[in-house]
Amino acid sequence: SRLFKNNKCQILGGGSNILFIEDFKGLVIDINIKGIKYAEVTKEHVTIEAGAGELWHDFVSTCLLNKFYGLENLALIPGKIGAAPVQNIGAYGVEQKDFFVSLEGFDLTTHQKKIMLADECRFSYRDSVFKNNLRDKFIITSVNYKLKKQEEPNISYKELAEEFARYPDLKPGATDIFDTVIRLRTKKMPIAGKLGNAGSFFKNPIVTKKKYDYMLSKETDFPGYVTDDGMVKIPAAWLIERSGWKGQRIGDAGVFDNHALILVNHGNATGEQILTLAENIKKSVMDNFGISLEFEVNIV
């Protein structure tokens, strides 16, 4: 408790979504709590409690191996279980909140254990209360997910649907989705350990239908996907690529050749130089399209 009181804290859930732009003056906490166990089992569902230090992809693999379904679209996302609610990770038409039940953690303000349900976590697109009011004030120690015992494959995401459309005789199952997501992500992402990166650096911006229709009148191929609340999500990678940044670099800080949403370190770029590149991209997209990009990566 004294350590928490006397030091500024930075909590790591693997560190794959954090960019340090200077040395951190405080206490860095690397969560390494392990363990996966059944919390509740019914005829149709199973609720699984996982320690915050378990690797996310390994957890998804274990669930699928045991025929517990729902998380297969989230294969190969880096980081640990405890970071998943913080970021409300999502990919290929699924977010972790879709299967989230509750989490347990330690409140650094009250120094008390606390259980939080989904409503208290305030999940939204790549966001939660842990990135806002409880930022660096709460340590997640375990998370509960409620998964299905019967397969209900979700291929609603356009890229997945197009991939499986190539095989009209295949009725895709959870394992097919898992394998396909891994293949698609591997094709787009830098090889781990070969090229430093922080994954997708920017959130996909969400604009009004009126704004989107205006942009569509200017460029007929302007992509957009209508959300449940009638807004339109724009692919940030398209905006960045159309602004001429794909494959570009400033010194050793660069934009990945295969995916414009990913910023990479070609060798000796500092965190500050990566951030400068990101700010330049952000300004360029605003100048070209009048759309403001938000960082998905946490800047420390």
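Me: What stands opposite Leu-103 in β10?
Reply: That is Val-143. The model is a predicted one, where local features need pLDDT of at least 70, side-chain atom pairs count only at pLDDT 80 or more, and totals for chains, interfaces and linings use all residues. Residues are numbered from 1 along each chain as its sequence is written, and side-chain values use heavy atoms, with hydrogens and water left out.

Me: What makes β8 and β10 a pair?
Reply: Two strands (DSSP runs of E, at least two residues, numbered from the N terminus) pair if DSSP finds at least two bridges between them. Strand β8 (residues 100–107) and β10 have 7 bridges in the antiparallel sense, so they meet the definition of a pair.

Me: How do you know that β5 pairs with β4 and with β10?
Reply: By the bridges again. Strand β4 (residues 36–41) and β5 share 5, antiparallel, while β5 and β10 (residues 138–148) share 7, also antiparallel. Thr-47 of β5 stands opposite Glu-40, and its bridge partner in β10 is Lys-146.

Me: Why is β5 called largely enclosed?
Reply: Buried means under 20% relative accessible area, exposed over 50%, partly exposed in between (1.4 Å probe, protein chains only). In β5 (residues 45–51), 5 of the 7 residues are buried, so the strand is largely enclosed by the rest of the structure.

Me: What makes β4 and β9 edge strands?
Reply: The open sheet has 5 strands in the order β4-β5-β10-β8-β9, with antiparallel pairing. Both β4 and β9 (112–117) pair on one side only, and that makes them the edge strands.

Methods
Helix = DSSP H or I, 4+ residues; strand = E, 2+ residues; numbered from the N terminus.
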